[in-house]
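Student: I have a new structure to look at and would like to go through it with you. Can we start with the terms and then move on?

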Amino acid sequence: MNLYETFARNAGSRPEEAAVLDPDGEDITYGELDEQAGSIAAFLDERTEPGDRVAAYTLDNPTFVAVALAAWRAGRVFMPVNYRFALEEVAYVLDDAEPSVVVGDAVFASTAESALEAADTETELVQGHAGGFREDAFGDPGDAPGPVTRLDDEPAIVTHTSGTTGDPKGVVQTHRNVGAQVEAGVTTYDVTEEDTAVVSVPLFHVGGFHGATLMSLFTGGSFVLHPAWDPAEWARLVEETEATVTGLVPAMMVDALGSEEAREHDTSSLRMSFYGGSPAAESTLEEFEEAFEVDYLLNYYGQTEACGLTVAGTPETPRTEGALGVPVQTVETRVVEPDTGEDVEEGVDGELWLRGDSVMPRYWEAPERTERAFEQEWFRTGDVVRREGGILYFVDRLDEIILSGGEKVAPSRVEEVIAEMEGVKDAAVFGTPDDRLGEKVTAAVIGDGSLTAEEVEAFCDDHEALAGYEKPRRVHLVDSFPRTGSQKVDKKALSDELSG
């Protein structure tokens, strides 16, 4: 079924209710958002065909959402473009999926034009949507089609993953994939029409769009967009809208804890904050929960290839670092030895494999890449986990496991030890080339100014939790970490920088 139908039911039953809140301007009601989507759908109907891709190259604003809804209503495929991509990456994704129309913010005009020229595609560019919705740029909502019939297995979204380990991968998400994932989130986190979400994770990311925005729209709730991360602004938006739900990555939680201005706002309306993207220290979770009066902090684990949420934290999930939670009802999971495909015993590290309603069917126009990603019907996540007592624990990325002198080192284990040291604010561990060992365990550490690299090395040398081959042989003190568009530490960039 066409995803637009779910939104349309709410637009029809509650047209005067606010869908998008703006405490500094005017709210957008369900009826108004539906009218904007109709205007864009009418525009698309004149210029494109069902199945064509429609890209949104915008900042996090309501027009992005209207473009997605319009694409589905017209039977087209929505294509978000990561606005943090460099010109070459934007050109790559446009060349890869060849959208018929790109709706872009004026701020990206030069980049969009250059990217389209480099991509050599016949694409119409519609610009100027950084502010309010431009009715004159599209069509008459009364001329909007449909909604056009879309079957469950037809593409709804083509979204490209971060290209930190190669070219961005175009992930095909069907109407059933997205619908199942949103349904899982709504059920798992008990989201209702009474909830208001502050969306701080970028909309080009499944955590921001599927994980908060669509959950709100598909239940009849409301959301407020936080387009440029600032911890004090996040807290203000929560206070002024009396938000009940939000989603953050651990780096954002650390930022909020470090902001006195953020702490001054009343955020006690938050009944739940989900977090994900990287492991969170137990101390960070406890301090954040207390400082911002959040009833529940629940882990959100997933991949773009599974439309987002696949393993969810519950109030009973342990707070130990790496604890993910339990699989949601839309997927089945296995933990296997990656080289043999055999299931491992409980408590043993293995690769997480998935299958289910929210798992993508394929990568866009990449059959060989798709074949590598699947073992029959099972999607290989590339994440190393272990299962204990029904709970899944994250260990590391399979491609980030360090092979040093014939031994496997999980960076997360070393990072947990370094995080125990007084004066350490954050740590990232990765492999750097070594002529003798193949890879050398290397740590980048953000400290409080009192630490030295030698002290960190000595702390690790003396720590009984680390085997000899796990102890860092190089330690670099840095001011900050490079991050991907989803705010994960970009370890490839760190390794390249510190190997030079």
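Tutor: Start with burial: buried means under 20% relative accessible area, exposed means over 50%, and partly exposed is in between, using a 1.4 Å probe and protein chains only. This is a predicted model, where local features need pLDDT of at least 70, side-chain atom pairs count only at pLDDT 80 or more, and totals for chains, interfaces and linings use all residues. Residues are numbered from 1 along each chain as its sequence is written, and side-chain values use heavy atoms, with hydrogens and water left out.

Student: Which residues is V409 in contact with?

Tutor: Contact means heavy atoms within 4.5 Å. Leaving aside neighbours within four places in sequence, V409 is in contact with I401, I402, V414, V441, Y469 and E470. Also, the C-alpha atoms of V409 and A467 are separated by 9.4 Å, and these two residues are 58 apart along the chain.

Student: Now cores. How many residues does the largest nonpolar core have?

Tutor: The largest nonpolar core has 81 residues. A nonpolar core here is a set of buried Ala, Val, Leu, Ile, Met, Phe, Trp, Tyr and Cys residues joined through side-chain atoms within 4.5 Å. Those with the most contacts inside the largest core are F7, L33, W72, F78, Y189, F209 and L217. Helix α3 (residues 62-73) gives the largest share of this core, nine residues.

Student: And what is Y189 in contact with?

Tutor: Once neighbours within four places in sequence are left aside, the contacts of Y189 are M215, R271, M272, F274, L298, N299, Y300, L309 and A312. There is also a second, separate core of 24 residues, which includes W234, A251, A280 and F292.

Student: Why would nonpolar side chains sit together?

Tutor: In soluble globular proteins, nonpolar side chains tend to be buried together.

Student: Which residues line the largest cavity?

Tutor: The lining is made of F78, P80, I157, T159, L203, F204, H205, V206, F209 and H210. Helix α7 provides the largest share of the lining, three residues. By class the lining has seven nonpolar, three polar and no charged residues. Ala, Val, Leu, Ile, Met, Phe, Trp, Tyr, Cys and Pro count as nonpolar, Asp, Glu, Lys and Arg as charged, and the others, Gly among them, as polar.

Student: What about the second largest pocket, how much space lies in it?

Tutor: The second largest pocket holds about 420 Å³ of space. It is lined by 24 residues, of which D22, D60, N61, P62 and L225 are the closest to its centre. α8 gives the most to this lining, with three residues. The lining divides into twelve nonpolar, five polar and seven charged residues.

Student: Last one, salt bridges. How many are there?

Tutor: The count is 26, where a salt bridge is a side-chain nitrogen of Lys or Arg within 4 Å of a carboxyl oxygen of Asp or Glu. One of them joins R263 and E287 at 2.8 Å, N to O. R263 lies in helix α10 (residues 260-264) and E287 in helix α11 (residues 282-291), so the pair ties together parts that are 24 residues apart in sequence.

Student: Are R263 and E287 buried or partly exposed?

Tutor: R263 is partly exposed, at 29% relative accessible area, and E287 is partly exposed too, at 40%.

Technical notes. On a 1 Å grid over the protein atoms alone, a cavity is a set of points where a 1.4 Å probe fits but cannot get out, and a pocket is an open set with protein on both sides within 12 Å along at least five of seven lines; lining residues have an atom within 4 Å of a point. Helices (H or I, at least four residues) and strands (E, at least two) are DSSP runs, numbered from the N terminus. Grid points are joined across faces, edges and corners, and a volume is the space filled by probe spheres set on the points.
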